[in-house]
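Visitor: I'm new to this one. Can we look at it together and go through a few spots?
Guide: Fine, here it is.

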Amino acid sequence: MISKGHYKTAFEKEWLETVVEFATESSWLENKYGQCRAFESHNFEVDHIIGAKAKRKIIGVSCRVGELAIMPIPFALHNVISKHPYNRTTQPGRYRKKFGHEKQVWLEMIRAMQNEGYEIPFNEETIQSIIG
């Protein structure tokens, strides 16, 4: 899959598959967005919360982390064609007021994955660099 001229590595593809599996198998999406009319079970997109090509310094070394900072989000809250008032793409301020900053939502997802036994394939320093 290409994201603006960028090929995903095998590691990034595997992480994407894990996030999609988690979104499909767990109740996290429903718990997070279920009170919102936008929620439809398993009708979601994957959001790059800091951009697919984002880099961060981790222990002094610049690393690509954009493809790791991904989370499932209901279609109506992400897709640019949606007119939903809490659409993160077109109304980020409203989304943040309702659900929290996307970095915090992503961290909630990571912690929920850990609590459900998913192995996060990157370390705490990477997590902190993404939310920092």
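Visitor: Are Phe 22 and Tyr 118 buried or exposed?
Guide: Both Phe 22 and Tyr 118 are buried. Keep in mind that this is a predicted model.

Visitor: How many aromatic pairs are there?
Guide: The count comes to nine aromatic pairs. In one of them, the ring centres of Phe 22 and Tyr 118 are 5.4 Å apart and the planes stand at 85 degrees, so this pair is edge-to-face. The cut-off for edge-to-face is over 60 degrees.

Visitor: Where do Phe 22 and Tyr 118 lie?
Guide: Phe 22 is in helix α1, while Tyr 118 is in the loop between α4 and α5 (124-131). The pair therefore ties together parts that are 96 residues apart in sequence.

Visitor: And what about Tyr 33 and Tyr 95?
Guide: Tyr 33 and Tyr 95 form a tilted aromatic pair, with 6.4 Å from centre to centre and 35 degrees between the planes. Tyr 33 belongs to helix α2 (residues 28-33) and Tyr 95 to helix α3 (residues 92-99), so parts 62 residues apart in sequence are tied together. Tyr 33 has 0% relative accessibility and so counts as buried. Tyr 95 is buried as well, with a relative accessible area of 0%.

Visitor: Which residues do ring pairs link into a cluster?
Guide: The cluster consists of Phe 22, Trp 28, Tyr 33, Tyr 86, Tyr 95, Phe 99 and Tyr 118.

Visitor: Back to the helices. How do α1 and α4 cross?
Guide: The axes of α1 (residues 10-25) and α4 (residues 102-115) come within 11 Å and cross at roughly 80 degrees. The two helices are therefore roughly perpendicular to each other.

Visitor: Which residues make that contact?
Guide: From α1 they are Trp 15, Thr 18, Val 19 and Phe 22, and from α4 they are Met 109, Ile 110, Ala 112 and Met 113. By type, seven are nonpolar, one is polar and none is charged.

Visitor: New topic. Where does Asp 47 lie?
Guide: Asp 47 is part of strand β1 (residues 44-48). Its relative accessibility is 3%, so Asp 47 counts as buried.

Visitor: What does Asp 47 touch?
Guide: Leaving out residues up to four places away in sequence, Asp 47 touches Ala 69, Ile 70, Met 71, Ile 73, His 78 and Arg 88.

Visitor: Last one: is Ala 52 buried or exposed?
Guide: Ala 52 counts as buried because its relative accessibility is 14%, and buried means under 20%. Ala 52 sits in the loop between β1 and β2 (55-58). From Ala 52 to Ser 82 there are 30 residues in sequence and 21 Å in space, C-alpha to C-alpha.

Notes. Residues are numbered from 1 along each chain as its sequence is written. This is a predicted model: local features need pLDDT of at least 70, side-chain atom pairs count only at pLDDT 80 or more; totals for chains, interfaces and linings use all residues. Side-chain values use heavy atoms; hydrogens and water are left out. Axes are lines fitted to C-alpha atoms, for helices over the stretch in contact, and angles run from 0 to 180 degrees between N-to-C directions. Helices (H or I, at least four residues) and strands (E, at least two) are DSSP runs, numbered from the N terminus. Angles under 35 degrees count as roughly parallel, over 145 as roughly antiparallel, 65 to 115 as roughly perpendicular and the rest as oblique. Contact means heavy atoms within 4.5 Å. Ala, Val, Leu, Ile, Met, Phe, Trp, Tyr, Cys and Pro count as nonpolar, Asp, Glu, Lys and Arg as charged, and the others, Gly among them, as polar. Buried means under 20% relative accessible area, exposed over 50%, partly exposed in between (1.4 Å probe, protein chains only). Rings of Phe, Tyr and Trp (its six-membered ring) pair if their centres lie within 6.5 Å; planes under 30 degrees apart count as stacked, over 60 as edge-to-face and the rest as tilted.
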